[in-house]
Amino acid sequence: MKRWIPDSPLGHVTVGVAVAGALVLTGPVTSAVGVGHVAGVAATAACLAIAVLGMDLILGVADQFHLGQAAFVAIGAYGFAILRQDAGLTTVPAAVLAILAAGIAGLAMAWVFFRLGALLFAVGTLAVGAIALNVIGQLRSVTGGADGKALQPVAPLGFQLSTTTAELVFVAIVLGLCVMLTRAYATGARGRLLHAVGRDPVMASSLGIDVRLAKVEVTVVASLLAGLSGVCLAAISRIVAPGVFSIETSIVFVVAVVLGRPGSIVGPVLALVLLETIPELVDFFAGRLDLLVGLLLVSVLLVGGRQPSLVQRLLPPRSGSSEAVPRPRQEGA
Amino acid sequence: METFLSALLSGLQTGSIYGLIGLSYVVVFRASGYLVLTQGEMVMLGGLIAATVGASGTFSAFLLAAAVSAVVGAALTVAVYAGPVRWLPNPSPLRVIIMTFGLALVLHAVARALFGTVLQFAPSAPFVPNTVSVVFDRATIRGQGLVIVAVLVAGAALLSAWFRTTRFGRAARATGDDPATAATMGIPTRLVIGVAFGIGGAVAGVAGALAAPLTGAVWNGGTFLGLKGLVAALAGDVEQPWGPVAGGLVLGLAEQFASVYWVPGWNDAVAFGVLVLVVLFRVPGPLEART
């Protein structure tokens, strides 16, 4: 796939810095146009965008529908809050352990589920998300139940998260690094192998690729990213409440990936930030994120899946180009 | 003993609701091979409509509420098929699941706008007592629960007979098994699938109307009810109308006994734990073959 910015270390750094820079600029730009409150929403959305990077690896690279990603964000967020607040760990060890906990949970789920076909994998991960919500709600003494778990202000590596600008800069740095590393991973040797597994698992298997191991690997990486997303979310919002980790949130992740073009890394990040901020900017969608997400999901599936597109049909194919009429992509394992 | 009987009857009642919702999935799946996640929203809308239309609590209002819920459920589900599902490029079962989840979110918003955010209860069926004593007066079950059990058994029997004995039912089975061959044999496959969607929607609407006196109905309540109906369908047999009856009962009893003898409040974890086990250990069948 032709990319605007090359798949080189310099290209990865450029993309990461661009994403981080754009996020940092959100603060002054929104203040200048009189919607300063949107900057806080953008910071929260950027935290969730880290989880979307993981979803992009699973859906866009390995071609699996994972409908329980929000549960792993919850593990990261609650894990960090509990380790920091109740176990008395300092910020960095608490964050590392919480991210590892999400990764181990992802490993367990992947090891159990990856012999399933695409549809049952989606149903199974949906069930994991629902179970996680119930567990969070019932373990009130640990999680705070529906009220959530409050967290003392944290200062990761001495970075005081006391203002929206500070939060934006902190999240921008983390997100930029994640974009950089995820892009390097997805376009590197392992990423190409995962692409092969996603496109045609039978062919990949016949070429000697361990399909199961590849899918487990991508799920663990996605879970680690979800855990980091949860840690950042807990750090900037200072309260971890179950509403954020609903099944609808997992669906929002899927929609962001589908909207932003699966496998493109940056596209899903931008799509998620837009999805989360549109209800703040457009009155009609205020408090109606479900309507927005539902309409976009249906529209994208109806319009986005038609190949070749109307524009492609109107334009004459380039001579010698194999991409003039894209081949339909096979779904799932 | 009273505790055991009480859990058993509550499980029977809850499981029958799940079974009825599961039945709506089975009808659609048998004819089309699709699992349509808007069924949960049809249950929610059926409950809200019953709470509004049947508010007076009279016999005629109860019947009217059930009928309107069925008609609305059928019409909307047929619209789901005739619109988005038919127009969906490469409509694989997985894409239909994702698409119908998107439609479910839209229906959430529509229901919230039309009915508000308050939990609403529909009146119980006026022709049965509020509670019925069973097993020498050692336990009671809600009269409405008995109505749901009766409707579930009657519905499963009717649909089973419809699939086996009627010309249209056999055409639905043929379409579900192999739509291309069915079309070659002259079966109007689109009409058959549309009718199956309609019946499935009607069953979901009636399930909502009957469950609303017990569980209440609220704009965001359809997702989990719908998913538990899906668990019932998958846990039983997604190909046979009696499958969700068995699956629903297993699910309802598991929830209630876990709640009574283990810890209360873990119903969802138990239900979806059952789903995980079903997904992992089910014998590969038509569902796997089609996906």
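Predicted model: local features only at pLDDT ≥ 70, side-chain atom pairs only at ≥ 80, totals over all residues.

Trainee: What makes A:Arg190 and A:Glu217 a salt bridge?
Mentor: The closest N and O atoms of A:Arg190 and A:Glu217 are 2.2 Å apart. The rule asks for a Lys or Arg nitrogen within 4 Å of an Asp or Glu carboxyl oxygen, so the pair qualifies.

Trainee: Which parts does that pair tie together?
Mentor: A:Arg190 lies in helix H8 (residues 189-199) of chain A, and A:Glu217 in helix H10 (residues 211-237) of chain A. The pair therefore ties together parts that are 27 residues apart in sequence.

Trainee: Why is A:Arg190 called partly exposed?
Mentor: Its relative accessible area is 35%. Buried is under 20% and exposed is over 50%, so A:Arg190 falls in between.

Trainee: How do you know that B:Asp177 and B:Arg30 form a salt bridge?
Mentor: Their closest N and O atoms are 3.2 Å apart. The cut-off is within 4 Å, so the pair counts. B:Asp177 lies in helix H6 of chain B and B:Arg30 in helix H1 (residues 2-32) of chain B, so the bridge ties together parts that are 147 residues apart in sequence.

Trainee: Is B:Arg30 buried or exposed?
Mentor: Buried. Its relative accessibility is 8%, and the limit is under 20%. B:Arg30 also belongs to a network of salt bridges with B:Asp177 and B:Glu239.

Trainee: What makes B:Lys228 and B:Glu255 a salt bridge?
Mentor: The N to O distance is 3.2 Å. Again the test is within 4 Å, so the label holds. B:Lys228 lies in helix H9 (residues 222-235) of chain B and B:Glu255 in helix H10 (residues 243-261) of chain B, so parts 27 residues apart in sequence are tied together.

Trainee: Why do B:Lys228 and B:Glu255 count as buried?
Mentor: B:Lys228 has 7% relative accessibility. B:Glu255 has 2%. Buried means under 20%, so both labels follow.

Trainee: How many salt bridges are there over all chains?
Mentor: The count comes to 8.

Trainee: Which residues gather in the patch of positive charge on the surface?
Mentor: B:Arg164, B:Arg167, B:Arg170 and B:Arg173. Helix H6 (residues 167-177) of chain B gives the most, with 3 residues. B:Arg164 sits in helix H5 (residues 143-165) of chain B.

Trainee: Why is B:Arg164 called exposed?
Mentor: Its relative accessible area is 52%.

Terms used: Residues numbered from 1 in each chain as written. Chains lettered and ligands numbered in written order. Heavy atoms only, no water. Patch = residues over 30% accessible without salt bridge, like charges linked within 9 Å, V, L, I, M, F, W, Y side chains within 5 Å. Areas by Shrake-Rupley, 256 points an atom, 1.4 Å probe, with all protein chains shown as cover. Salt bridge = Lys/Arg side-chain N within 4 Å of Asp/Glu carboxyl O. Lys, Arg positive; Asp, Glu negative; His and termini not counted. Charge placed at Lys NZ, Arg CZ, Asp CG, Glu CD. Helix = DSSP H or I, 4+ residues; strand = E, 2+ residues; numbered from the N terminus. Buried < 20%, exposed > 50% of the residue type's maximum accessible area, 1.4 Å probe, protein only.
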